[in-house]
Amino acid sequence: MERRIKRQRVLVIDDEPVIRNLLSDVLREEGLDVVTVTGGEEGIERVREEEFDLVFTDIHLADVNGIEVLKALRGLRRCPPVVLMDSYPDGLVERGLSLGAWGCLHKPFELYRLRAILEDLIG
Amino acid sequence: MSKVLVADDEEIIRELAKEVLEAEGYEVITAEDGSAALSKIAEGGIDLLLTDIKMPEIDGLRLIREAKKVIPDLLSIIMTGYATIETARKAIREGAYDYLLKPFNLVDLRMAVTKAFQRKRLEEENARLKQLTALFEVSQKLSGTVERDNLLNLLLRSAIAQTKALGGEIWLIDDRKPRRAAALGANLNLNGVVREAVHNGKPISISSKEGEVVFIPLISGRKVLGGIALGKDGTGFSQGDRELLHLLANQAAISLENSYLFSNLQDAYFSTIKSLSLLLEANDPYIKGHSQRVTELCLRLGRELELNEEGMETLRQAAPLHDIGKIAVSNDILHKREELNPDDWEAIKSHPIVGDEVLAPIGFLYRARKLVRHHHERMDGKGYPDGLSEGDLDLPTKIIIVADAYDAMASDRPYRKRLPNKRIIKEFRDNEGTQFDPLVVHTLLELLN
């Protein structure tokens, strides 16, 4: 008899289509359910309404500052681990780490770094 | 040792990558463009391809695609700049494991390559695990299979499926001579190979440009029972395949040995029964010959009625033994000259049941047993011991009912001489439909004329 394992759900918040597509492809291949959104507000809404096991969010979003997104997510009742991404190093992600972000990825990042995060968080 | 091919049109990149990866213990070869890379791939042995996305002639993406046609489970990592990350994504979709962003640092290079190989090992382990699970299930089935043909077919099918072989054969030793006992799929031309392998009891592998043929002996204890041969094209059998085949062969040898033991046991039982039958006949001169005549008649009727092979085999087994139950009937009754009284009849009527019980331990006689039990039934339900009627009786049973009755009428009894033919014909005509099946009677009468 097969043991049914519930697929884990990941949310990706990024306004760059390449990143959304890339993460989508790679995460799906790792066996995860992936949802992608382009803006921070939408992202927060989704996490509020649905269950996610992990959130990747760009810190340089168009509509709202990634730090705000992080704060909002951390304020939710059940907040999944948040991994911050930045496209250029301006210290924001480091600030995010001190505010409770689980980790960070500097774009463009090699996949092994992404996979290492998945290994640690999801196994 | 793992082999890496670095394809990049820039010499610096090639040299740097080679240096770093050789320091990690990998064997590294380089190529300066797509065509050179493909030639190196064709030579074989490459485990990982590290290629730039932009190269003259064949670009990195196409290179990966072409290379995978030659080496399907080739690992690949693509080197790209940020501007071409979308292409890198395409490469990932085509099966590339990771990408390296130029200019890459040495840590990234090392990490990406190491992780790629780790992942491959993990996937191979998983595949092995799946194989082992499948193997376990097959083992369960094998250990439950005693019927030799089923066992051999199951073994072959499993071995071929698990190793993706093209064809296979099983050879068994019969009287010290190897003979081909089962075959499936493509034809392997084995000849002398088998004799040698069986003689030595050691596995043999024959590689050619068409592929590989392996022969693995089936050994139980010290005895070589035979062997299994498989053929596969392309690069032949992997180490994993070989290990799997050895495991299967071990399990099969045990099952095969069991099936031989079981056969021997059945044979032993059967021999005992035959002895009893001979004893019975030696004891009763009037029975002697009867079983043989009934058997002959049953088979003749069976052929005339186009009885299938299974039915014929059942008759072959049951007819010589149908009166074995009489061994339990006292000699006084069997040889009585006067008419038999009701008690005598009761005793005699028990013989089909006794016969059924005597044959019970012999598994393969399960059909023949039924005939022995029912050879005194009638079409109209007035027979013994179970009062079966037409619908319950199969053709072999209907045949033996007629044949047995015929021989009883046509031979001398202790209390009367044989009936004349005209009388026999009349008896059958009078009782067809009630005691005897009309079609069988018709066939018998045809044969008599």
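This is a predicted model: local features need pLDDT of at least 70, side-chain atom pairs count only at pLDDT 80 or more; totals for chains, interfaces and linings use all residues.
How many salt bridges does the structure hold over all chains? The total is 41 salt bridges.

**Charged pairs**

| Pair | N to O distance |
|---|---|
| A:D14 and A:K107 | 2.8 Å |
| A:E16 and A:K107 | 2.9 Å |
| B:K18 and B:E22 | 3.4 Å |

The salt bridge between A:D14 and A:K107 has its closest N and O atoms 2.8 Å apart. A:D14 sits in the loop between β1 (9-13) and α1 (17-29) of chain A, while A:K107 sits in the loop between β5 (103-106) and α5 (111-121) of chain A, so this pair ties together parts that are 93 residues apart in sequence. Are these two partners buried or exposed? A:D14 is buried, at a relative accessible area of 0%, and A:K107 is buried too, at 7%.

A:K107 also meets the side chain of A:E16 in a salt bridge, at 2.9 Å from N to O. A:E16 belongs to the loop between β1 and α1 of chain A and A:K107 to the loop between β5 and α5 of chain A, so here the pair ties together parts that are 91 residues apart in sequence. A:E16 counts as partly exposed, because its relative accessibility is 24%, and the cut-off for buried is under 20%.

Now for a pair within a single helix. In chain B, the side chains of B:K18 and B:E22 form a salt bridge of 3.4 Å, N to O. Both residues lie in helix α1 (residues 11-23) of chain B, four residues apart, which is about one turn of the helix. B:K18 is partly exposed, with a relative accessible area of 24%, and B:E22 is likewise partly exposed, at 38%. Back in chain A, salt bridges that share partners join A:D14, A:E16, A:D58 and A:K107 into one network.

**The sheet of chain B**

In what order do the five strands of the open sheet in chain B lie? The order is β2-β1-β3-β4-β5, and the pairing is parallel. At the edges are β2 (27-31) and β5 (98-101) of chain B, each of which pairs on one side only. From one strand to the next, the twist averages 20°.

Five bridges link β1(B) to β2(B) in the parallel sense, and B:V6 has B:T30 of β2(B) as its bridge partner. β1(B) also runs parallel to β3(B), with four bridges joining the two. In β3(B), the residue opposite B:V6 is B:L50.

Strand β3 (residues 48-52) of chain B then continues the sheet towards β4. Five bridges join β3(B) to strand β4 (residues 75-80) of chain B, and the two run parallel. B:D52 is paired with B:M79 of β4(B) as its bridge partner.

How many of the five residues of β3(B) are buried? The count is five of five, and the strand is mostly covered. In a regular strand the side chains alternate between the two faces of the sheet. In β3(B), B:L48, B:L50 and B:D52 are on one side, B:L49 and B:T51 are on the other, and all are buried, which leaves both faces covered.

On the α9(B) side, the contact is made by B:C298, B:L299, B:G302 and B:R303, and on the α10(B) side by B:M312, B:L315 and B:R316. Sorted by class, this contact of α9(B) with α10(B) has four nonpolar, one polar and two charged residues.

B:D343 is exposed, with a relative accessible area of 61%. B:D343 and B:L279 are 64 residues apart in sequence, and their C-alpha atoms are 25 Å apart in space.

Notes
Residues are numbered from 1 along each chain as its sequence is written. Chains are lettered from A and ligands numbered from 1 in the order in which they are written. Side-chain values use heavy atoms; hydrogens and water are left out. Two strands pair if DSSP finds at least two bridges between them. Axes are lines fitted to C-alpha atoms, for helices over the stretch in contact, and angles run from 0 to 180 degrees between N-to-C directions. Buried means under 20% relative accessible area, exposed over 50%, partly exposed in between (1.4 Å probe, protein chains only). A salt bridge is a side-chain nitrogen of Lys or Arg within 4 Å of a carboxyl oxygen of Asp or Glu. Contact means heavy atoms within 4.5 Å. Ala, Val, Leu, Ile, Met, Phe, Trp, Tyr, Cys and Pro count as nonpolar, Asp, Glu, Lys and Arg as charged, and the others, Gly among them, as polar.
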